[in-house]
Amino acid sequence: MPKRIISLSSAPTVGITPGQSVSPLAQAVRFGNMLFVSGQGSVDAATGNVVEGDIALQTRVALDNLMSMLAAAKAKNVVNMRVTLRDVADFPLFNETFRECFDGENVTRTCFGGTPNRAGVNVQIDCIAMFD
Amino acid sequence: MPKQIITSSSAPTTGFTPGQPVSPLAQAIRFGNMLFVSGQGSLDPATGTVVAGDIVVQTRQTLDNLMSILAAADATAKNIVNMRVILRDVADFPRFNETFREYFGGEKVTRTCFGGVLHRAGINVEIDCVAMFD
């Protein structure tokens, strides 16, 4: 049951050091019936540039990137998510945007205030999904 | 299928309250084909004291501790599927990331990194991981 690297050109490369084009990371890894997705932010998939905007916009872009990874891995069952907000005052708007994106699907989630390492990124989200 | 506590004498004990000799934590737990490793920092395995130094030194010591615990569970970096990294100062990210890259020798993992406040003074990076077995 090997570790399988999932990569997708329509989601941004994660974990890039400025000036280095190759990341030491995988966007996602599948092992058996589990899928782990690296933290996604509000980054343009094609250019790798930060998508600026309020927390609603940034949350949508981060979740779009995450959902692209899930789609590439054909995963549907998100079981756990971790969210880092640069400013926890953004929580209500983040949470309402999150709710819209999940459309009734319930997940477990832990959210805390922290500093995403990339300037301009105000929300970072990762997840664990499982396969039937 | 019991929860199995993994202990390595080549890695520091984690989760100490100052003045208390016994930690409430395990360095790692294996359950079935999964291994969860507690957050590691730049600590000397023998003395438990902070190994001071720049982010390169601290990243190496932290990953050495993590890998020692993986070894105690008969795992290597190849088994790692997910990592969480907390940096005290995200300005350290580029040098952290390049040191991380050297350690992994091309082995890819998922990782989420963010800036946060580490509870132990002098520790500037903390890393945990999840690993899986065939």
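Predicted model: local features only at pLDDT ≥ 70, side-chain atom pairs only at ≥ 80, totals over all residues.
Q: If helices (H or I, at least four residues) and strands (E, at least two) are DSSP runs, numbered from the N terminus, which strands does helix H1 of chain A lie across?

A: Residues are numbered from 1 along each chain as its sequence is written, while chains are lettered from A and ligands numbered from 1 in the order in which they are written. Helix H1 of chain A, residues 55-72, lies across E1, E2, E3, E4 and E7 of that chain. Its direction is at about 30 degrees to E7(A); axes are lines fitted to C-alpha atoms, for helices over the stretch in contact, and angles run from 0 to 180 degrees between N-to-C directions.

Q: In what order do the strands of the chain A sheet stand?

A: Two strands pair if DSSP finds at least two bridges between them. In chain A, six strands make an open sheet with the order E1-E2-E3-E7-E4-E5 and mixed pairing. E1 and strand E5 (108-113) of chain A each have a single partner strand, so one side of each is left without a neighbour in the sheet. From one strand to the next, the twist averages 15 degrees. Within this sheet, E4(A) and E7(A) are antiparallel and share eight bridges. A:Met81 is found opposite A:Cys127 of E7(A).

Q: How is the packing of two helices described?

A: Two packed helices are described by the angle between their axes and the distance between the axes. Here the axes of H1(A) and helix H2 (residues 91-102) of chain A cross at roughly 40 degrees and come within 9 Å. H1(A) is therefore oblique to H2(A), given that angles under 35 degrees count as roughly parallel, over 145 as roughly antiparallel, 65 to 115 as roughly perpendicular and the rest as oblique.

Q: Which residues make the contact of H1(A) with H2(A)?

A: Residues are in contact if their C-beta atoms, placed from the backbone, lie within 7 Å. H1(A) contributes A:Ile55, A:Ala56, A:Thr59, A:Arg60 and A:Leu63, and H2(A) contributes A:Leu93, A:Phe94, A:Thr97, A:Phe98 and A:Cys101. Seven of the residues in this contact are nonpolar, two polar and one charged. In that division, Ala, Val, Leu, Ile, Met, Phe, Trp, Tyr, Cys and Pro count as nonpolar, Asp, Glu, Lys and Arg as charged, and the others, Gly among them, as polar.

Q: How many residues of chain A are in contact with chain B?

A: On chain A, 25 residues are in contact with 23 residues of chain B. E3(A) gives the most to this side of chain A, with four residues. The side of chain A comprises twelve nonpolar, ten polar and three charged residues.

Q: Where does E6(A) stand in the sheet of seven strands?

A: The order is E6(A)-E5(B)-E4(B)-E6(B)-E3(B)-E2(B)-E1(B), an open sheet with mixed pairing. E6 of chain A and strand E1 (4-6) of chain B are the edge strands, and each pairs on one side only. E6(A) runs antiparallel to strand E5 (residues 110-115) of chain B, and two bridges join them. A:Pro116 has B:Phe114 as its bridge partner in E5(B).

Q: What scores does the model have?

A: The model has an ipTM of 0.93 and a pTM of 0.95. For chain B, the average pLDDT is 96, and 99% of the residues score at least 70.

Conventions:
Contact = placed C-beta atoms within 7 Å. pLDDT = per-residue confidence, 0-100.
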